[in-house]
Amino acid sequence: MLTVLAVALNPETRRWAAIAIGGALGFLVMVLGPMTGGSFNPARWFGPALVGNHFTDWWAYILGPIVGGLLAAAVYKFIIEPSSGPVQELADTVAPRGPAPPAGEAPPLRQSGGPGGPPPASPPGGIAGS
C-alpha cells in the first residue's frame with residue numbers, strides 16, 4: 001500500500017507506478033508467500049475458508065489489510081509527503097529550499113566558505129584502489 005501511495009500520488013514518479021507496484025507485489029508474493037504459506041489476497045483465504053468452514057486466523061486477512069492501509073496512509077501523509085506544516089517549516093529553517101534552478105540546469109554545488117562551511121577533506125591515501 002505504501003508503494004501505491006508513494007508512486008501513484010507523486011506526479012514526478014507516476015510513470016513508474018506500474019513497474020514499482022507490480023515489482024513490490026511480485027517480490028513480496030515470491031519471498032513471503034512460500035516463507036509463511038500465507039496469501040496477499042483476502043479473497044484467496046475467504047473462498048476456501050467458506051467452503052471448508054474453517055475460519056482460523058481470520059484477523060490476519062480481515063484486520064491486516066485495514067491496519068496496513070491506515071499505517072501506510074499515515075506514513076505517507078506525515079513522513080513522505082510533508083510539503084507544508086510544522087515539519088516542513090522546521091526543515092526549511094535548517095536547510096532553506098531557495099529558488100529552483102532554470103529548466104535543464106543542475107542546481108549549483110555548495111562551495112567552500114558557503115553556509116555549510118568548507119568541503120570535507122579527502123581521506124588519506126586517496127580513493128581506495130587508485
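Let's start in the loop between helix 3 and helix 4, which is where Asn 53 sits; helices here are DSSP runs of H or I with at least four residues, numbered from the N terminus. This is a predicted model, so local features need pLDDT of at least 70 and side-chain atom pairs count only at pLDDT 80 or more, while totals for chains, interfaces and linings use all residues. Residues are numbered from 1 along each chain as its sequence is written, and side-chain values use heavy atoms, with hydrogens and water left out.

Most residues other than glycine have a negative phi. Asn 53 is not a glycine, yet its phi is positive, at about 50 degrees. Asn 53 counts as exposed because its relative accessible area is 62% (exposed is over 50%, buried under 20%, partly exposed in between, with a 1.4 Å probe and protein chains only). Asp 57 belongs to the loop between helix 3 and helix 4 as well, and here too a residue other than glycine has a positive phi, near 55 degrees. With a relative accessible area of 47%, Asp 57 is partly exposed.

Now look at the helices on either side. Helix 3 (42-52) and helix 4 (58-80) each supply at least two residues of a nonpolar surface patch. Its members are Phe 46, Leu 50, Phe 55, Trp 58, Trp 59, Ile 62, Leu 63, Ile 66, Val 67 and Leu 70, and together they have about 1,000 Å² of accessible area. For such a patch, nonpolar side chains (Val, Leu, Ile, Met, Phe, Trp, Tyr) are joined within 5 Å, in residues with over 30% relative accessible area and no salt bridge (a side-chain nitrogen of Lys or Arg within 4 Å of a carboxyl oxygen of Asp or Glu). Areas come from the Shrake-Rupley method with a 1.4 Å probe. Helix 4 gives the largest share of the patch, 7 residues. Phe 46 lies in helix 3 and counts as partly exposed because its relative accessibility is 40%.

Helix 4 turns up again in the lining of the largest pocket, giving the most to it with 8 residues. A pocket is an open set of points on a 1 Å grid where a 1.4 Å probe fits, with protein on both sides within 12 Å along at least five of seven lines; lining residues have an atom within 4 Å of a point. The largest pocket has a volume of about 680 Å³, the space filled by probe spheres set on the points. It is lined by 23 residues, and the closest to its centre are Met 1, Leu 25, Leu 28, Phe 40 and Pro 65.

Notes. Patches are made of residues with over 30% relative accessible area and no salt bridge: like charges are joined within 9 Å, nonpolar side chains (Val, Leu, Ile, Met, Phe, Trp, Tyr) within 5 Å.
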